[in-house]
Amino acid sequence: METEFLISLLQIIAIDILLGGDNAIVIALASRNLPEAQRNKAIFLGTGLAIVVRVVLTIVAVYLLNIPFLYLAGGILLLIIAYKLILEEDEELDVKAGKNLSDAVKTIVFADIAMGLDNVLAVAGAAHGNIVLVVIGLLVSVPIIIWGSKIILHFMERFPVLIYIGAGVLAFTSAGMIVEERMIHSVFEGNEFLKYGLYVFLVVGVILAGILTNTFKKKRAR
């Protein structure tokens with residue numbers, strides 16, 4: 001159980017870092033017009049509230065996933081998110097700078113909610129219903145995202161293979177959610193070949209699909 005807990009925790013931290021790379025950019029954009037003293041307050045207050053909201057939303061998602069077929073639907077949705085992560089598309093962030101401390105904090109929190117729904121779903125799936133994992137994972141990874149996001153983004157740009165590894169982590173989590181769907185769990189129970197075959201198929205499949213799509217797009221652009 002300790003090994004499973006550690007693996008799930010590492011999954012959650014990896015997911016948070018991979019899907020939370022834009023958070024620091026949002027914070028910078030939302031607080032850029034404030035004096036330096038207020039800017040620091042906006043960062044700490046906005047980030048603190050965003051963490052609380054993220055934990056609450058993830059806990060709600062953990063319980064919602066107990067509804068029949070939601071684990072299956074969540075796994076499929078997460079697979080789509082993994083595929084989109086690989087695609088070489090630049091997303092433009094439309095984040096308005098706050099005029100005062102209150103505006104900046106609101107912007108940071110609401111932007112985090114809007115951008116963090118994929119993160120919430122992925123973490124809820126990786127947690128396997130363990131709320132302690134959700135809280136520990138977020139508390140560990142959010143500071144890394146905020147203070148280390150520039151380094152993370154730099155490495156992702158320099159070593160694109162990290163993005164593919166990240167997509168593989170999401171696909172692995174997706175497979176776990178599908179296998180754990182109680183309405184179809186009996187199909188995989190006792191059939192290790194089918195169970196682990198699904199993990200391999202989804203991880204390899206999403207990475208290959210991303211590579212082929214990017215290659216096709218580059219050929220069309222020429």
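Student: What is the mean pLDDT of the chain, and what share of its residues reach 70 or more?

Tutor: This is a predicted model, in which local features need pLDDT of at least 70 and side-chain atom pairs count only at pLDDT 80 or more, whereas totals for chains, interfaces and linings use all residues. Residues are numbered from 1 along each chain as its sequence is written, and side-chain values use heavy atoms, with hydrogens and water left out. With pLDDT being the predictor's confidence in each residue, from 0 to 100, the mean for the chain is 78, and the share of residues at 70 or more is 79%.

Student: Which element of the chain has the lowest mean pLDDT, and which the highest?

Tutor: Where pLDDT is low, the predicted coordinates should not be read in detail. The lowest mean, 64, belongs to helix α2 (residues 23-30), and the highest, 92, belongs to helix α10 (residues 192-221). In that order, the elements asked for are α2 and α10.

Student: UniProt lists residues 69-87 and 161-178, among others, for "transmembrane region"; how far apart are the end C-alpha atoms over residues 161-178?

Tutor: The listing comes from an unreviewed UniProt entry, and such annotations, given here in the numbering used for the model and with shortened feature names, may be inferred rather than shown by experiment. Over residues 69-87 the chain is 89% helix and 0% strand, with end C-alpha atoms 28 Å apart. Over residues 161-178 the chain is 100% helix and 0% strand, and the separation of the end C-alpha atoms is 26 Å.

Student: Why does the span of helix α3 agree with its 29 residues, and what is the distance between its end C-alpha atoms?

Tutor: The expected span of a helix is 1.5 Å times one less than its number of residues. Helix α3 (residues 36-64) should therefore span 42 Å, which agrees with a distance between its end C-alpha atoms of 41 Å.

Student: Is valine 134 buried or exposed?

Tutor: Buried means under 20% relative accessible area and exposed means over 50%, with partly exposed in between (1.4 Å probe, protein chains only); by that rule, buried residues make up 41% of the 222 residues in the chain. Valine 134 lies in helix α7 (residues 131-158), and its C-alpha atom is separated by 9.5 Å from that of valine 120, 14 residues away along the chain. Because the relative accessibility of valine 134 is 0%, valine 134 counts as buried.

Student: What is the relative accessible area of phenylalanine 69?

Tutor: Phenylalanine 69 lies in the loop between α3 and α4 (70-86), and its phi is near 75°, a positive value in a residue other than glycine. Phenylalanine 69 is partly exposed, because its relative accessible area is 43%.

Student: What distance separates the C-alpha atoms of asparagine 100 and leucine 34?

Tutor: Asparagine 100 has its place in the loop between α4 and α5 (101-115), and, with a relative accessible area of 35%, asparagine 100 is partly exposed. Although asparagine 100 and leucine 34 are 66 residues apart along the chain, the separation of their C-alpha atoms is 6.5 Å.

Note on methods. Helix = DSSP H or I, 4+ residues; strand = E, 2+ residues; numbered from the N terminus.
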